[in-house]
Amino acid sequence: MSNWPAISDIAKQVKSGKLKASDLVETALKNLEAKQEYQTVIEITAERARERASKSDALVAQGGEAGRLAGVPFIAKDNFLAYGAKTTASSNILKPFEAPYQATAIERLEAEGAILIAKSNLDAFAHGSSTENSDFFVTKNPHDKTRVPGGSSGGSAAAVALDIVPFALGTDTGGSIRQPAGFCGVVGYKPTYGLVSRSGVIAMASSTDVIGPITRNLDDTAAILDIIAGRDELDSTTIEKDSKGYQLSTSSYQLNAAKIGIIREYMAEGLELGVKQVIDGAVNKLKSAGAEISEVSLPSLPLALAVYYIVCPAEVSSNLARYDGQRYGYSEQSATDLLSSYELSREKGFGAEAKRRIMIGTYVLSSGYYDAYYKKAQTVRTKIISEFADAFEKYDVLVGPTSPTTAFKIGEKVNDPLSMYLSDIMTVAANMSGNPAISIPAGLSSELPVGLQLIGPMKGDRKLLEITKACEELL
Amino acid sequence: MSVISREELLKLAQLARLKLTEEEISRLPNELSVILEYVRQLDKVDTSGLEPTYQVTGLKNITRTDELKEYQAKPAELLKNAPAVQANQFKVKRVI
């Protein structure tokens with residue numbers, strides 16, 4: 001199906017001189033052009049990419065070490081700063097912004113020879129589940145152009161599904177990697193909170209933001225995670241990576257050693273019938289392969305969305321305070337004094353969803369409401385964390401659908417914020433708790449992809465990837 | 001049910017340094033109330049004896065040596081994005 005070889009094979013062939021990084025970059029750029037109608041990217045970094053590719057080819061010609069990702073082209077969501085490239089977060093307020101430094105994740109990938117070719121579309125500031133909140137345009141679903149690709153990392157997920165590049169980077173604050181990966185039929189990985197440095201990534205909700213890869217298969221996910229994971233002095237919230245790393249060995253994990261819990265609350269009402277059938281079918285395959293599977297109840301999980309829509313806007317309202325038109329970004333020139341300069345720059349620079357979240361965040365943090373909303377939400381968060389911890393005493397991984405529905409129609413939910421928020425109902429719990437989680441393609445319902453979500457124990461990224469790899473081979 | 005009044009909305013907007021349009025002033029109270037009503041389902045959850053969680057990995061006081069390092073971004077590049085610059089500094093409107 002895919003024209004790109006596995007990531008490790010691409011690098012191997014570039015290093016042996018069989019493939020040229022320059023040719024791979026041209027292929028990726030041609031792919032972008034051929035798939036333009038899907039509107040996956042905001043900016044193409046062709047010049048930068050070509051420069052890096054010829055350097056890489058020269059290095060190989062001289063017998064130098066070109067890295068584990070030599071010549072592998074990739075796309076980053078436009079909330080990653082990349083040196084010399086525009087970084088807008090799909091927002092009008094950052095439309096003129098050029099990154100003066102770059103994200104650690106991009107730095108680490110490029111140090112291993114990967115080549116950034118474009119910045120992908122997202123819901124502005126990653127606020128959304130469809131890319132419809134982008135201040136610029138809507139990305140189309142590769143399986144049906146009248147439908148959304150999911151979001152907020154919709155451009156990245158669609159680009160990988162369209163085979164433009166072998167992998168892309170996304171960010172996941174409430175489901176923004178997994179949900180679009182599910183909608184587009186690709187693999188989306190949300191690591192344990194803190195595993196990947198966020199230095200140089202535009203902050204949304206700092207207590208749940210994570211960075212992860214969107215790929216076509218588990219081997220590629222593991223290869224990318226292995227490079228971007230681990231402590232970074234520039235992000236004091238980062239944790240150590242697993243001592244064994246994340247590369248998966250060829251001897252695959254045996255599923256008959258796995259204890260898998262199906263989350264009852266995610267298989268209940270509100271789940272589209274077609275999605276349920278695909279997930280049931282996938283679970284049966286895992287059962288036939290010898291996995292020990294039973295249903296488990298985590299009654300507080302459905303509350304995670306309510307917790308999220310207090311905590312997230314609260315953190316958003318703080319993180320967006322820096323966009324005030326004074327140091328960078330859009331600045332309203334007609335303003336006569338400092339206060340009106342702030343107010344008018346923000347009024348014109350922020351879209352409807354950013355404003356909505358700033359207002360809710362300001363409300364729940366304001367005096368008199370703080371205990372009732374913010375503190376209460378963070379206490380329910382403790383309950384969610386302890387239910388996960390209890391479940392992982394008995395199970396290796398927990399499974400369920402990634403989303404209650406398949407990709408919805410463009411325009412279907414755009415005027416109803418709450419119904420848009422509900423499309424993250426099955427992904428947000430892992431963000432509130434910090435657990436690693438992944439969405440892999442499980443099958444089709446009415447010709448649209450359905451994602452199977454697997455959630456792992458805290459800091460158990462390696463185990464989650466091993467088990468998911470065994471599942472991938474069966475589905 | 002929590003309903004946000006026009007006055008409350010304008011107060012919040014002022015705290016958040018947002019100037020709202022007339023369209024937003026008429027649309028937002030209802031939109032925000034629907035969301036706030038949804039999140040109020042947490043009121044019914046028994047959380048007695050539980051502490052709030054603000055950070056999930058338990059890291060504490062991460063420090064590093066306080067030393068000057070060469071960083072990618074140079075002052076001139078950082079200022080390139082500024083709407084107004086004077087004497088190698090950000091220029092803003094009168095503060096006091």
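In this predicted model, strand S5 (residues 187-190) of chain A runs antiparallel to strand S10 (residues 437-445) of chain A, and three bridges join the two. Within this pairing, Ile438(A) of S10(A) lies opposite Tyr189(A). S10(A) also pairs with strand S11 (residues 448-455) of chain A. That pairing is antiparallel and extends over eight bridges. Ala437(A) has Ile455(A) in S11(A) as its bridge partner. A hairpin is formed by S10(A) and S11(A), with two residues between the strands. In the turn, Ser446(A) has a positive phi of about 50°.

Helix packing was examined next. Two packed helices are described by the angle between their axes and the distance between the axes. For H9(A) and H12(A), the angle is about 130° and the axes are 9 Å apart. H9(A) is therefore oblique to H12(A). The crossing of H9(A) past H12(A) is left-handed. From H9(A), the contact involves Ala304(A), Val307(A), Ile310(A), Val311(A) and Ala314(A). These meet residues of H12(A) including Tyr373(A), Tyr374(A), Ala377(A), Val380(A) and Ile384(A). Gln378(A) and Arg381(A) of H12(A) also take part. By class, this contact of H9(A) with H12(A) has ten nonpolar, one polar and one charged residues.

The contact between the chains takes 56 residues from chain A and 44 residues from chain B. On the side of chain A that touches chain B, at least two residues each come from helix H9 (304-319), helix H10 (338-349), helix H11 (352-365), helix H12 (371-394) and helix H13 (417-421) of chain A. H12(A) gives the largest share, eleven residues. By class, this side of chain A has 25 nonpolar, 17 polar and 14 charged residues.

Terms used
Residues are numbered from 1 along each chain as its sequence is written. Chains are lettered from A and ligands numbered from 1 in the order in which they are written. This is a predicted model: local features need pLDDT of at least 70, side-chain atom pairs count only at pLDDT 80 or more; totals for chains, interfaces and linings use all residues. Two strands pair if DSSP finds at least two bridges between them. Helices (H or I, at least four residues) and strands (E, at least two) are DSSP runs, numbered from the N terminus. Two residues are in contact if their C-beta atoms, placed from the backbone, lie within 7 Å. Ala, Val, Leu, Ile, Met, Phe, Trp, Tyr, Cys and Pro count as nonpolar, Asp, Glu, Lys and Arg as charged, and the others, Gly among them, as polar. Axes are lines fitted to C-alpha atoms, for helices over the stretch in contact, and angles run from 0 to 180 degrees between N-to-C directions. Angles under 35 degrees count as roughly parallel, over 145 as roughly antiparallel, 65 to 115 as roughly perpendicular and the rest as oblique. A crossing is left-handed if the near helix is turned anticlockwise from the far one by less than a right angle, and right-handed if clockwise.
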